[in-house]
Amino acid sequence: MLSRVAASLYWLSRYVERSDGILRMLKINYASSQDTVQEFTWAPVIRIFSGHNEETQKLGNDSRAVMRYMVSGKNNPNSILNIITFARENARGVQEHITKDLWQCLNEYYHTVKDSRIDNALKKDDPVSVLDILIKQVMLYYGTVEITMERGEGRSYMNIGKYLERGIQSVDILDTKFGSIDDNPDLLTDTTYWKHLLLSLGGYELYLKTYREGFEAENVLEQVVLNNDFPRSVIYSVNHIQRYFERLKNDSNIDDYRELSFYIGRLQSNIKYSSVKSIKDEGLHQFLTQIRSQLYGIGDALNNHYFANS
Amino acid sequence: MQESGYFSQYSPIDGVWDEMYGVGNIRDHYSKVIDYLSRESAEDLARKEELAKRLFMSQGITFTVYSSGEGIEKIFPFDIIPRIITADEWAFVEKGIKQRLNALNLFLKDVYNNQFIVKDGIVPIDIIYSCPHFLREMYQLQVPYDIYVHIAGIDLIRDHDGTFYVLEDNLRTPSGVSYMLENREITKRLFPDLLPQCAVRSVTEYPNILYKNLLSLSPRQISNPTIVLLSPGIYNSAYFEHTTLARLMGVELVEGRDLVVKNQKVYMKTTIGLQQVDVIYRRVDDEYLDPLVFNPASILGVAGIMGAYRTGNVAIVNAIGNGVADDKAVYAYVPDMIKYYLNEEPILKNVPTYQLNNRDEREHVFANINKMVVKKTNGSGGYGMLMGHASTDEEIDDYKKEILKDPRNFIAQPTISLSAAPCYMQGGLHPRRIDLRPYALCGPDGIEIVPGGLTRVALKEGSLVVNSSQGGGSKDTWVLA
């Protein structure tokens with residue numbers, strides 16, 4: 001496979017995964033903003049996906065303004081509009097490596113988010129309906145990948161991209177949410193706070209089934225970092241990066257493979273042989289910072305050894 | 001059966017061959033379609049037109065126009081009413097194109113080797129040497145099977161009496177074939193059951209034939225040679241076509257930056273290292289192909305590719321330097337080439353062409369400029385043309401000055417009145433001018449032409465310019481069995 005093609009598939013997949021994360025985050029936070037008017041703030045969401053800048057400062061706590069910025073904001077490089085445009089540009093360059101169904105699906109997603117009705121509806125109508133329309137596009141995408149894409153090298157790059165992105169997102173969300181507790185210790189015992197965190201990761205129902213004693217920060221941490229069965233946990237993402245990377249093994253670039261394999265294995269062990277207690281002893285923020293930098297390291301190494309040919 | 005209003009309103013243009021309307025009645029080969037259409041209301045047709053637009057959009061059959069930093073997706077205008085060609089007409093056209101292409105291939109071989117045609121005084125030497133697309137780099141370079149033109153798009157038009165004329169030969173990187181294929185797919189959706197009812201011949205073989213031909217050109221005798229399609233990239237207006245063809249043939253779509261030349265061999269950069277490339281179907285123009293030999297500023301090409309080509313380690317399709325054969329000044333000599341190389345009378349006529357570097361012909365053209373179309377010999381896309389009958393005196397004077405600066409760069413042809421076909425617009429059927437570009441594929445087994453082609457339409461009333469860059473659209477093109 002061409003290096004350029006591999007890189008495009010990887011990025012296309014990362015962008016779509018990112019859009020999924022953003023949309024779910026927006027949906028739950030919007031619901032949350034309708035629940036707890038007093039203390040609700042969009043700041044963590046903005047921090048995770050856009051960072052602080054002049055423009056985000058101006059948004060303040062205006063839900064509609066924030067959502068418009070995050071969904072259809074032209075000047076926000078991480079708006080759904082912009083990342084899906086990037087995803088589609090990447091797909092356009094590798095059209096003969098993805099199925100026609102998948103290309104059409106991404107194309108529809110792009111035209112849907114570009115439609116001015118989306119922005120208008122965010123301004124005036126029910127934002128949840130808008131977010132649902134877009135979330136459905138992502139689900140269509142994943143269904144189409146699942147049903148139509150061949151199980152070859154290309155899909156491995158797509159999956160590595162997807163799980164790398166997901167892992168980074170989960171780490172960022174945890175880091176931000178737990179970070180907020182330092183400023184506001186009351187949150188530690190605030191049930192809705194944890195509930196919304198779990199909802200935005202799609203892990204609420206699993207949590208209820210696993211833990212009977214209500215919402216505890218430690219349990220949330222355990223589920224989101226260490227639960228092998230939770231599809232948005234950090235360990236789940238890393239296991240899948242490992243699984244799909246193994247399929248790329250090939251004698252003609254064995255040195256590159258070994259190096260990447262080492263990075264992934266090290267990260268996997270770091271998480272696998274951690275416990276809630278060891279993480280707390282080390283300091284959650286420090287632990288997450290290390291995991292994040294190792295995830296980024298894998299991305300860099302892929303770039304150097306598999307994509308940088310181009 | 002009741003005839004819907006929009007048919008009775010159809011009025012052919014005076015003095016123009018109408019593809020649908022004969023003397024006072026509908027031609028036989030259009031009757032089934034008209035029956036079908038007359039059962040649909042004007043609203044049905046409007047809905048079909050909407051559906052066609054939506055299908056093009058959702059399938060991403062679009063090109064992007066960049067304005068104020070924002071990309072706007074556009075579709076090439078598509079007219080839903082098919083253009084129909086009878087079996088007899090097609091047999092004639094097919095025979096004529098094959099003959100013409102045979103002669104053109106022989107001409108290219110000759111002109112880059114012994115130049116007999118020049119020595120025998122058929123084609124003047126200055127016409128060839130003054131053509132910017134005549135490339136000395138190709139001199140005595142042997143190409144596989146002596147085939148230079150593997151893919152040709154021959155533009156045909158019909159005069160007022162229905163006679164076919166060749167308007168121009170496109171022998172470099174003719175485009176539009178994906179629209180031939182996609183237009184047909186859209187028509188299948190718009191008019192269920194109509195294609196089999198009318199016994200329309202299929203065009204789907206095109207990518208298979210092309211692939212078979214590309215495969216046969218591999219310099220390495222191996223079971224699975226690497227074939228790539230070289231595209232300038234996603235910002236090229238024909239990019240959709242490049243991906244469509246790559247997908248339909250199952251070959252790798254590459255850009256210049258994906259290729260590298262080492263020891264006179266071309267390789268592509270893959271995730272597991274370099275992989276040798278055997279055949280390149282390139283959609284990058286000659287001058288951008290190799291910065292070491294041609295335009296040094298090009299980043300679309302591959303440094304050293306010309307060396308690999310010359311060594312015979314890679315096959316390039318179409319051959320480099322074909323522009324000398326589809327130059328508009330050389331065009332005038334194609335009928336002579338057919339006689340010279342094949343000892344046959346040309347089947348398809350040329351449009352009479354005046355060479356403006358010939359003083360007598362130039363004066364004749366200037367005296368009759370209102371009846372002339374003046375073109376640049378190396379222009380394309382309908383740019384830089386002067387339509388004498390539709391220009392102001394001032395435009396004509398300016399153009400004359402341009403011509404006198406370098407007369408070799410211009411030719412003139414009498415205005416040929418293109419044939420017209422019905423188009424659906426403003427809620428009714430109206431005649432609009434059309435041309436026809438069939439795509440001929442030349443391989444070691446001979447020339448094959450899929451029955452069909454691209455029919456381009458001048459959508460503006462009264463316009464004779466069908467180029468998509470000048471407000472032209474396209475139609476599905478049916479060849480009946």
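At what angle do helix H4 (residues 87-111) and helix H15 (residues 334-342) of chain B pack, and how many Å apart are their axes? The angle is about 80 degrees, and the axes are 9 Å apart. That makes H4(B) roughly perpendicular to H15(B), a term for angles of 65 to 115 degrees, where angles under 35 degrees count as roughly parallel, those over 145 as roughly antiparallel and the rest as oblique. Axes are lines fitted to C-alpha atoms, for helices over the stretch in contact, and angles run from 0 to 180 degrees between N-to-C directions. From H4(B), the contact is made by residues including B:Leu104 and B:Phe107, and from H15(B) by residues including B:Met337 and B:Tyr341; contact requires C-beta atoms, placed from the backbone, within 7 Å. The residues of this contact divide into nine nonpolar, two polar and one charged. Here Ala, Val, Leu, Ile, Met, Phe, Trp, Tyr, Cys and Pro count as nonpolar, Asp, Glu, Lys and Arg as charged, and the others, Gly among them, as polar.

The model is predicted: local features need pLDDT of at least 70, side-chain atom pairs count only at pLDDT 80 or more, and totals for chains, interfaces and linings use all residues. Residues are numbered from 1 along each chain as its sequence is written, while chains are lettered from A and ligands numbered from 1 in the order in which they are written. Helices (H or I, at least four residues) and strands (E, at least two) are DSSP runs, numbered from the N terminus.

Chain B also holds an open sheet of four strands in the order S14-S17-S15-S16, with antiparallel pairing; two strands pair if DSSP finds at least two bridges between them. Strands S14 (354-355) and S16 (386-387) of chain B stand at the edges with a single partner strand each, so one side of each has no neighbour in the sheet. Strand S15 (residues 372-376) and strand S17 (residues 410-414) of chain B run antiparallel and are joined by five bridges, and B:Val374 has B:Ala412 of S17(B) as its bridge partner.

Another strand of chain B, S20 (residues 439-443), is largely enclosed by the rest of the structure, because four of its five residues are buried. A residue is buried if 20 or more other C-beta atoms lie within 10 Å of its own, exposed if 12 or fewer, and partly exposed in between, with C-beta atoms placed from the backbone. Three bridges join S20(B) to strand S4 (residues 151-158) of chain B in an antiparallel arrangement. S20(B) also pairs in the antiparallel sense with strand S21 (residues 446-449) of chain B over four bridges, and these two strands form a hairpin with two residues between them.

The contact between the chains takes 21 residues from chain A and 19 residues from chain B. On the side of chain A that touches chain B, the largest share, five residues, comes from H6(A).

Some backbone details complete the picture. Most residues other than glycine have a negative phi, and most peptide bonds are trans. A cis peptide bond, with omega about -15 degrees, joins B:Val317 and B:Asn318. Phi of B:Asp146 is near 55 degrees, a positive value, and B:Asp146 is partly exposed, with 13 other C-beta atoms within 10 Å. Phi of B:Ala199 is near 55 degrees, and B:Ala199 counts as exposed, with 12 C-beta neighbours inside 10 Å.

Note on methods. Two residues are in contact if their C-beta atoms, placed from the backbone, lie within 7 Å.
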